[in-house]
Amino acid sequence: MSDILIVDDERDIRELIADILKDEGFQTRVAANSDEAVAALNDAEPALMILDIWLKDSRMDGIDILKQVKRNNPDVPVIIISGHGNIEIAVAAIRQGAYDFIEKPFNIDQLMVVINRAMETSRLRHENTSLKRGDTKPAEMLGNSAAFKRLRDNLEKVAKSNGRVMLTGEPGAGKELAARFIHANSPRAKAPFVTVSCATIEPERMEEVLFGRETPERGIEPGLLEQAHGGVIYFDEVSDMPLGTQPKILRVLTEQQFSRSGGADKVRVDLRVISSTNRDLGTEIAAGRFRQELYDRLNVVPVVVPSLAERREDIQLLAEHFIDEFNRDQGLTPRVLPDETVAALQSMRWPGNIRQLRNVIERVLILAEDTGPIQPAELEPQGATPDNGEALSLGPQITALALREARELFEREYLLAQINRFGGNISRTAQFVGMERSALHRKLKSLGVVGGVRVEDEMILGK
């Protein structure tokens, strides 16, 4: 917020200060007692608070309100004013976290100097906090495939809004990178990005991690929701969130406020929520493991993150990017990817998707015996396997065939693998296998292969 909250039991004083601040270009709100002050704080966090130490007809005095503000809104600077000022009150206010103390009747110029200084200090504190966060991973996304371009277009659209996004896709496909891309290209780009790893947090600790806690021994320990205030909270693998925590998160989404564990005060937060899952949440809901109401709140804008199998054309670009990254960050010797190695990478199965490809490239560079081009044979021990579907072998099924039938079977499986490799792009497939596009179409039709999908599932042709 960019407004200033003025709390004073004297109407003339609070209206005078409000008028002066409005003339200086500030937005203001006013409160006459502690109840109005607390309600205003709960409604929206101000940029600054001017607080009278003595409040008639109030449940709390200025020091009590100050303590509450420092507990629940620690980044809000508070300037204490009083007509009964003395050194003891000033020291007490400063010890409780007040930014400064001004005695009534105050000099307007002096008040404006203190207000401007407090606002600047608050701004610098926010900037320093952002710089110290470990949330500054780059949101660079790479790819040229049609599937990738569709994904990027969708992410750019949702980044401009404040809507909740549900990212779905296989493990390792890049859902967190997609979430960071949304954050980096949104109006909240300079605010925090906080990840909640639902699958790795122990269920019994989930609420404490999310909401924070208050104890006499350690005071206030903010949770992840509070740390994400003003920015994005990312629920990674939200399907693993404990069932007992789900209604409390639903309440936070509805009310934008919560109480810390062990505390009674309400903490208001301004959050954009992005979630991800590799499971079918419809199945999880039917099984009673996920709440329909929470799903409805989170799934405002669904975005599917494609698997690496759907964007094989991007494998070379991604692999070369990882080689450069490992050279820059770890000092590993960069190596070239020849065409035959690129072809091998594009024909392999990648159940771990981009994460697995990255790991394979890293291991190849670490275990390299020379600095020459990466050979296909170096990939085989790395965990990726050929994506042959029904892999050919010289077993009885092949040796029982006549040469013409065996040749047709090989051609069929070979062309199907190449079409899948190039994401169904017939022109690129034809260029790679050395055929004219029209000739390839005729060959595919004769072999019963259309657009990379088998027309019939018989392995032996001619039946």
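The model is predicted: local features need pLDDT of at least 70, side-chain atom pairs count only at pLDDT 80 or more, and totals for chains, interfaces and linings use all residues. Residues are numbered from 1 along each chain as its sequence is written, and side-chain values use heavy atoms, with hydrogens and water left out.

The chain contains 19 helices and 18 strands. Both are DSSP runs, numbered from the N terminus; helices (H or I) have at least four residues, strands (E) at least two. The chain has 463 residues, of which 45% are buried. Buried means under 20% relative accessible area, exposed means over 50%, and partly exposed lies in between (1.4 Å probe, protein chains only).

Asp-8 sits in the loop between strand E1 (3–7) and helix H1 (11–23). Its relative accessible area is 0%, so Asp-8 counts as buried. Beyond its neighbours within four places in sequence, Asp-8 touches Ile-13, Arg-14, Ala-31, Ala-32, Asp-52, Leu-55, Ile-81 and Lys-104. Asn-359 belongs to helix H15 (residues 353–366). Asn-359 is partly exposed because its relative accessible area is 29%. Its C-alpha atom lies 9.2 Å from that of Phe-322, 37 residues away along the chain.

Two aromatic pairs are present in the structure. Rings of Phe, Tyr and Trp (its six-membered ring) pair if their centres lie within 6.5 Å; planes under 30 degrees apart are stacked, over 60 edge-to-face, and the rest tilted. One of the pairs joins Phe-211 and Phe-258. Phe-211 lies in helix H8 (residues 206–211) and Phe-258 in strand E11 (residues 257–259). The pair thus links distant parts of the chain, 47 residues apart. Both Phe-211 and Phe-258 are buried.

Side chains of opposite charge can pair when their charged atoms come close. A salt bridge here is a side-chain nitrogen of Lys or Arg within 4 Å of a carboxyl oxygen of Asp or Glu. The count is 22. One of these bridges joins Asp-270 and Arg-188, at 3.0 Å from N to O. Asp-270 is in the loop between strands E12 (266–268) and E13 (272–277), and Arg-188 is in the loop between helix H7 (175–184) and strand E7 (193–197), so the bridge ties together parts 82 residues apart in sequence. Asp-270 is partly exposed at 36% relative accessible area, whereas Arg-188 is buried at 11%.

Arg-311 and Asp-314 form another bridge, with the closest N and O atoms 2.9 Å apart. Arg-311 is buried, with a relative accessible area of 4%. Asp-314 is also buried, at 1%. In the bridge between Glu-293 and Arg-291, the closest N and O atoms are 3.6 Å apart. Glu-293 is partly exposed at 41%, and Arg-291 is partly exposed at 29%. Finally, salt bridges link Asp-240, Arg-279, Glu-284 and Arg-289 in a network.

How values were computed
Contact means heavy atoms within 4.5 Å.
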